Each structure stands twice: as structure tokens, then as C-alpha cells.
Amino acid sequence: MLSILTIVNLLMPILFHLADGGGNISLWESALQTGAFTFFLCTIFSVVVASDSVAGEFSWGTIKLLLIRPWSRSKILLSKYIAVVLFSLLCTVLLIIVSYGVSAIFFSGGMGGTMMGERIGPRYYLLIILCDYVDLFMTVALAFMLSAVFRASGLAIGLSLFIMFAKGIFNMLFNPERYSWAKFLPFMHMDLSQYLASSVGPGGVTLGFSILILAVYYVLFLAIAWTVFGKRDVAA
Amino acid sequence: MMGICKANMLQWGETWAEGVIEMQQEPVVRLEGVTKKVSSKTLVEDVTLDIPPGQVFGFLGPNGAGKTTTIRMMVGLTKITKGDIKICGYSIKDHFEQAIVHVGAIVENPEMYKFLTGYENLRHFARMMSGITEERIREVVQLVGLSNRIQDPVRTYSLGMRQRLGVAQAILHRPKLLILDEPTNGLDPQGIRELRDYLRRLCREEGTTVFVSSHLLSEMELMCDAVAIIQNGRLIDVRSLAGVEGAQETTVDTAFALDRPEQAQELLGGGTVRDGLLIVRLDRNGIADTNARLVQSGFKVYGIQKVTRSLEDQFLEMTGSDQIG
């Protein structure tokens, strides 16, 4: 997975370089485009790992061996979750290094171009990655919960990726301008990069409100995962 | 706590053989009115059982009797609906971590991480317990006879080899109680024999109490000191196997193979004729006397045999031929 991520990440700036006839693309623009594109892959892989982390133990049957060690179930689940988060961080860091590194080889010129009223430079690049990571982090928490609750990795992967791609459609269907309750849905708030352009989000909410909603859903996902995992009987 | 769980085989052997169940010391496992209900179905009902230390204790029952459910409750994989299970005095419900530390187990099939080698699997599980050295892992591998293949990935293992690896992970931390669910499944006769010898040695040398479930009666007869028999979720009998063999001084059914069984039956004025054999209930001296009488009366006695009821007969007699509940 990590090697696929690296290779795609490596190829993108090369493609940009080939497509770029007039030398219009700056280093940070290339890094930004590469990062934004391969971040999809980063999210998908993290979701796959999260979905498989608990469900896989159930389908292999090894969960029984883990749960009869002198550790409480919540600690075992916590260690699983930490491993998942570490994997997603590793993916992200790898993505940052490769997208910047390869862009630096093919492009020069440092900062350049503007997007949403801000010059594309390291600060903007890192802010975008941070926003993407928040999105990933929420999706992974959801995948992890589904994995722990349904114990079927296929279902968890499918549902999380569905939500990841259908977010836009959801946002259209449940437009907060039309339904006032829609602003409490998590999908509205997962893409924080909208606040880079304007301080007002969908339905006139603020960044603070978005973060609050995300935090509430995050706690809810994990609480469900921990409760169900702690209580459930482990049968074949 | 350590002292309580230490085995005292001799004491137990004696009291057990006499059929007097006296609690001389704290049992390793104590099941107190254990009941498991799933929605309206009762899988295990009010099972009360003490497992004394230092024994190989069999848990016998037909398929679907509740053996695995009981074992799952003993290791905390399944919640207990009613009652409690105490391991070395600690309740598995309230003090899970203190209780489970004394337990090594294989529940159902020995599933391992297939993409890791046997050694990596053992190291993974060793990390979750305190005080297991590399040396201990090697020692255990040697014990279960996997030294040659331990560096191969588990997906290349046969069922028997995985069973051995399962035993290895269960005994890594020298548990006081070893729980094996159908351990002979998939083992060849050689492997079964090795496992049996090994379990007996564990029991004798390290004082480990072994709790084995099985539906293979003959196997249990060879392996266990005592068995509990469960059917339809209820405990129907607990008995010592030494007691079965030790019943020599009492009267037993004795089969005489001779030429005219019906006439012999008339002569003796008792017994039954079955499959051309005359069966009479006699003690030791009775057998000799009866034989002398038969020979003196001109019968040709071809053979004399004790009709022992094997565990299998007793088991089938007790459980009948009920459908799986």
C-alpha cells in the first residue's frame, strides 16, 4: 500500500511536468495538486486498514486469542485504534515528503499562483493537507466503528468509501439552506478547507461550529465502537 | 493465592477414587450455577462444577451440548447470564485480568495469523504477557515438536501443526489452568498420543490443571482423571475414571463362551444368553467357581470375559440418542 502511494505520488509531478508546456506551474502548486490528488489514495488505504483492523481479527478467529490475554477489551481496542491512526499519519507524512520532494526536482520557482485569494506556498500547502487529514481522520473513525460493530471488513470498507464519495451528493440533497437541521450532519463539516476561502461555512455556520460538530461525531463513533466491542459475546 | 492453586495429586487421587467428593483445597475453577441464555434459548443451564487442581479433567458431551459455550464463558469471551465462574478464586466477571492470567486456552480451532511465521505468532502473543523470554518460546516450541517448521509461515502448516502451535501459545506463560477445546481434532494418531503424554506430563510436573472438552469418548478415557458429562446444557454426571477401572472387587457381568449356553443357563439357574454367550453377574471367586461347575458338568468353556461397560456405553446410556437440542 505504502509503495503504491509512493509511486502514484512520484508519478504525479512528472505528469504535471510533461503537461506543463510554458513553465506556468510552480513548485508548491505541483506539490499541492499532487498532494490533493493522492490524498484520496491515502484516505482509501487508511479506511481499508481501519476497516480490517477489528473485523479482520474476527474473520481470522485470532480475536479469541487476543481477548483471553490479561488485558481489558477497551485496551485491546485502543491499541488497535492507535495502530490505525499511526498508519494514517505515516501515509500522510510519506505523501508530504514525496509530493514536495519530487516536485522540487521537476519544478522551481517556489511560491507562485494564487488560490482562493491566498498565495500558494508552504503555509497554504500544509493547511490544505491538515484539512484533508481532518477529513481522513473522521472517515477512519467511522470505518473503525463500523469494523468494530459489524465485524465485517467488506461492509465497513464499502460504507466508509460510499460516505466519502457521496458526501457531495448528501450535501446537495440536505442543503442546510433548505433544511435547518442539516447543519448538524457531519458530512457538511468534514471538508474544512472551505474556511480557507471564507469564514462562513454551509448554512452560515462558523469554523468553531464545524469543529464542534466533528468532535461530537468523533466521540459518538468511538463511544459506539467501545461500547459494542466491550459488551459483545465473541462467538464463532 | 499461589499456594491454593498448587496441585496435590495424591490427595485428590485417593478421595476421587473412593467416589467421595471432598473439598480439601480450593478448586482451580469453580462454576457456580452458570447459565447462558441467548434470547429465549438456554444454551447452558445452572452448571455447578468444581475442577480440582492437578488433574486432567474431561468435559464430555455430544455436539451442541454446550461445551464450547461453557468454555467461552470460562475465558470471558461470552458473558455469563446467571451465576459466576471463579478461576483461582478470581471471578472472571469482576476481576477478568487477575483471573485470565492463570489461563491458557485454545477455543475451537487454533487460529493464528497466517501471514506470520509460527515463531512470530508466538512472539506476538508473548508480548501480551509479562515475563516470557525468548528462551521460554524456544523451550515451548521444542516441547510441542515444531522446531523444524517454526520459521515457516503458518499458512503452510497442516491442521495438526496449527494445533501444536495453538498448544504452544496456550502454555507460554505457564498457566495454572490449560483449557483445550477439542484438542485432538485434526491430529494423527501419533500426534494424539504425543499430546496425551504431554498433557499428563504438564499435569504431573508443573501441576497444571488441564480442562479438555471432547466428544471422542475413547480419547477421554485414556487422557482424563475425571470427566464431567454435559447434555442439552445441563451437567448430568461427574465421575472419576479411575473409579470405573477400579471396580474389580465388586461383581461384574461375566461372559462365558461355551458350547450349549441355554443348558448352562438352566444348570446355573440364572444369567442371560446374549449373542451365544452366557452372561452372569459374579465376583472374582464366583467366576472361578462357576467355571469349575460348568467344566465338571461337561460343558466346553472356550473363554471367559468380563463385560466391561466402556465410557462410551455409559455415555450413550446416559445421553440416550437424543437429537441435538
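1. A quick definition to start: a residue is buried under 20% relative accessible area, exposed over 50%, and partly exposed in between (1.4 Å probe, protein chains only). At 31% relative accessibility, Glu32(B) therefore counts as partly exposed. This residue is found in strand E1 (residues 29-38) of chain B; strands (E, at least two residues) and helices (H or I, at least four) are DSSP runs, numbered from the N terminus.

2. A word on the basis of all this. The model is predicted, so local features need pLDDT of at least 70 and side-chain atom pairs count only at pLDDT 80 or more, while totals for chains, interfaces and linings use all residues. Residues are numbered from 1 along each chain as its sequence is written, chains are lettered from A in the order in which they are written, and side-chain values use heavy atoms, with hydrogens and water left out.

3. On confidence (pLDDT, the predictor's per-residue score from 0 to 100), chain A averages 85, and 93% of its residues score at least 70. Within chain A, strand E1 (residues 114-115) is lowest at a mean of 59, and helix H8 (residues 207-231) is highest at 93.

4. Back to Glu32(B) and its surroundings. Leaving aside residues up to four places away in sequence, Glu32(B) touches Val47(B), Thr48(B), Gly83(B), Asp84(B) and Lys86(B), where contact means heavy atoms within 4.5 Å. Its C-alpha atom is separated by 8.9 Å from that of Lys82(B), 50 residues apart along the chain.

5. Helix H1 (residues 2-19) of chain A is worth a look. Its 18 residues should span 26 Å at 1.5 Å a residue, and its end C-alpha atoms are 26 Å apart, which agrees; the expected span is 1.5 Å times one less than the number of residues. Leu5(A), Asn9(A), Met12(A), Pro13(A) and Phe16(A) are the buried residues of H1(A). Seen down the axis, they fall within an arc of 80°, so they line one face of the helix; the arc is that of the directions from the helix axis to the C-beta atoms. They pack against helices H2 (27-60) and H4 (73-106) of chain A, whereas the face turned away carries the exposed Leu15(A) and Leu18(A).

6. Finally, chain B as a whole. Its secondary structure comes to 13 helices and 14 strands, and buried residues make up 48% of its 325 residues. Of the chain B contacts between residues at least 6 apart in sequence, 68% join residues at least 24 apart.
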